[in-house]
Amino acid sequence: MLFQVDNVRLPSWQSQLKGAKEWILAPPPECYYSFVLDTNKWYHKTNVLSGEISITVGAEYD
């Protein structure tokens, strides 16, 4: 299973408009008790579920 971390300069958001997506999360040790998912720090992987089409929008904001 390959995880990733994002490399975005500004905070960002993402919205799932259609379909279903599975998120697999693995926090680094310094984030074990954090309730905010920072994809620049948290290891994550997404899968579009079988038979689904995923339409997602996102943006960085200042």
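Student: Let's start with Ala 59: which residues does it touch, not counting residues up to four places away in sequence?

Tutor: First, this is a predicted model, so local features need pLDDT of at least 70, side-chain atom pairs count only at pLDDT 80 or more, and totals for chains, interfaces and linings use all residues. Residues are numbered from 1 along each chain as its sequence is written, and side-chain values use heavy atoms, with hydrogens and water left out. A contact means heavy atoms within 4.5 Å. Leaving out residues up to four places away in sequence, Ala 59 touches Pro 11, Ser 12 and Trp 13.

Student: And is Ala 59 buried, partly exposed or exposed?

Tutor: Buried is under 20% relative accessible area, exposed is over 50%, and partly exposed is in between (1.4 Å probe, protein chains only). Ala 59 has 31% relative accessibility, so the label is partly exposed.

Student: Where does Ala 59 sit in the chain?

Tutor: Helices (H or I, at least four residues) and strands (E, at least two) are DSSP runs, numbered from the N terminus. This chain has 0 helices and 4 strands, running β-β-β-β from the N terminus on. The place of Ala 59 is in strand 4.

Student: What about Trp 42: buried or exposed?

Tutor: Trp 42 lies in the loop between strand 2 (21-26) and strand 3 (43-48). Not counting residues up to four places away in sequence, its contacts include Leu 25, Pro 27, Pro 28 and Cys 31. The relative accessible area of Trp 42 is 10%, so this residue is buried.

Student: What share of the 62 residues is buried?

Tutor: Trp 42 is one of the buried residues. In the chain of 62 residues, the buried share is 11%.

Student: How far apart in space are Trp 42 and Asn 7, C-alpha to C-alpha?

Tutor: In sequence, Trp 42 and Asn 7 are 35 residues apart. In space, their C-alpha atoms are separated by 11 Å.
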